[in-house]
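Hi,

Here is the structure I promised to pass on. Have a look first, and my notes follow below.

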Amino acid sequence: MPSDGGGRNAPLGLRLAVTGVLLFLHLPFAIILLYALTTEDASFRFPPPGLTLGWFQVAWNRPDIWAALGLSIRIAAAATALALLIGTLAALAVHRTRFFGREAVSFLFLLPIALPGIVTGIALRSALGLLGIPFSVATIVIGHATFCVVVVYNNALARLRRTPASLYEASMDLGATGWQTFRRVVLPGLATALVAGGMLSFALSFDEVIVTTFTAGQEQTLPIWMFAQLTKPRQRPVTNVVAVFVVLATAVPILVAHGMTRGGGREAGG
Amino acid sequence: MRRRPVAAFFFLRPRLTLALLLGPPLLWLGVAYLGSLAALVVQSFFHLDDYTGRVMRRLTLATYGELLSRANLDIVVRTVTMAAAVTVATACLAFPLALYMARYASARGKAFLTVAVLLPLWSSYLVRVYAWKLILAKEGVVSWFVEQAHLTWLLDRLLAVPGLGGPSLSVSSIGTFLAFVYVWLPYMILPVQAALERVPPSLVEASADLGARPLQTFRRVTLPLSLPGVAAGSIFTFSLTLGDFIIPGALGNSSLFIGQAVLAHQGTAGNIPLAAAFTVVPMLIMAVYLIAAKRCGAFDAL
């Protein structure tokens, strides 16, 4: 059990290495925050010549940022809704029935995130091109939902496997119909796993840039906006303000989702 | 007893129920997605006519011939080398933290560390790449510290190495490498930690009892038993590096990676066959990789 190792003293070298790795993982976020406050807007000079909160207001008044943010939220919501539907259906099917090729289904759902994003991106793009479907918000949603399904599917399946079948049998024995059992027993049991999976899927979609590049056409999501700033920066601190906002906006759902599946093995791990 | 015609209908027809549940997911991922992948592979056997600038829809190996030209082969080799280097580096960095989480941390410490690894993993990929642009910029953080330490000459010499360096860290292979390692590190930590958790403490104790020094125990017992975790993590680090065009675009020098080549060929050039042929490379590599990883038990560590 995990607790039996608790409190043992690690060798000094190991503790130093751990501290180093943790700093490596987290210091860049501090740097971003620092640069969101700098008065220097033409270069990335360190240390910053002065500090100001003014960029937050500048960012607030930029319509292009709001438009990109709104689009990203709409796309993430739509992709997550689709992923929830498809992922839950698949998890129920795989959980309740044994059938030929059952293992292959899990592998199939994993494929869009196991293959490099660029493969999924260009495959979808060329397929859309062959079918003559114009790029639009809908094509972005389809691309995103394709790789969001696996997050919902994994979370839902892990939860179903941990729920004893006797619960469903008891419900049926007590006279509930199949639908009532689903409504009153299966779904409430799944709820937190679905919320967690949905949040992760939302975060995944909100942040996605590679597949989006291939399926977006002229639409500009927040990551696409940010990528444009990366290569051709204008008003650099504004980009940092947006970056700070994005970090905070994704950190909160992750922490909540993590809390919801804790004790649940490795559901949220992706 | 009430009759439940609908429930009974489905109960008596499990195959139909299964088809209804599994139909939409399979249509989407099995037909639409796999179909797109197959269409992509087929297009890699077409060829772009140099004179008309049109794609000839006839099966030929000409595009693969083009892929094997010196310049394109360089791109493939560069990308695979980078993916391998990034994988080794993330494994080295992941081990201490994973070992600490699995062996030494208290329950609370472990929960804290898990969140500390998950947060960067799930926070914006682009933001994290962008952070390295700030850190590595010519006038940025690293340069400043190097200057304070009077080591600018060392940095300049490093940047002068052909193939590795460039005008500044943020426009060099070193910068690309650092950003890749940073961005994919959490993907390595988690599976390695999971694998280390599964090494029975009794084995480590037995090794110590039999007279092995801690380092010997690590090398002979802990490390081999945690290799499936490293293999699982490397699936992510390898695959993600192979398909990325953001990091080499933002932090690299002018030499292309597979992802950038794909983007360039399918874009203005309209050479979908060559772009498709380029993506077949990571697909093949990952297929071989996944089979090898399955053989050594990596999927149990996911």
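Let me start with one residue: is L128(A) buried or exposed? L128(A) counts as buried because 20 C-beta neighbours lie inside 10 Å. For reference, a residue is buried if 20 or more other C-beta atoms lie within 10 Å of its own, exposed if 12 or fewer, and partly exposed in between, with C-beta atoms placed from the backbone.

Before the rest, some housekeeping. This is a predicted model, in which local features need pLDDT of at least 70 and side-chain atom pairs count only at pLDDT 80 or more, while totals for chains, interfaces and linings use all residues. Residues are numbered from 1 along each chain as its sequence is written, and chains are lettered from A and ligands numbered from 1 in the order in which they are written.

Back to L128(A), which sits in helix α5 (residues 117-131) of chain A; helices (H or I, at least four residues) and strands (E, at least two) are DSSP runs numbered from the N terminus. Setting aside residues up to four places away in sequence, L128(A) touches I133(A), F135(A), T139(A) and T215(A). Contact here is taken as C-beta atoms, placed from the backbone, within 7 Å.

Chain A as a whole has eleven helices and zero strands. Of its 270 residues, 45% are buried. The domain assignment gives domain 1 (12-56) and domain 2 (63-235 + 248-261) of chain A, the bounds coming from an automatic or database assignment. The C-alpha centres of these two domains lie 32 Å apart.

Now the partner chain. The contact between the chains takes 72 residues from chain A and 75 residues from chain B. On the chain B side, helix α2 (residues 14-43) provides the largest share, 16 residues. By class, that side has 55 nonpolar, 14 polar and six charged residues (Ala, Val, Leu, Ile, Met, Phe, Trp, Tyr, Cys and Pro count as nonpolar, Asp, Glu, Lys and Arg as charged, and the others, Gly among them, as polar).

Finally, the largest nonpolar core holds 166 residues, a core being a set of buried Ala, Val, Leu, Ile, Met, Phe, Trp, Tyr and Cys residues joined through C-beta atoms within 7 Å. Helix α9 (residues 173-197) of chain B gives the most to this core, 17 residues. Both domains of chain A contribute residues to this core, so it lies between them. A90(A) is among the members that touch the most others, and its contacts beyond four places in sequence are V105(A), F109(A), Y153(A), L22(B) and P25(B).

Best wishes

How values were computed: Contact = placed C-beta atoms within 7 Å.
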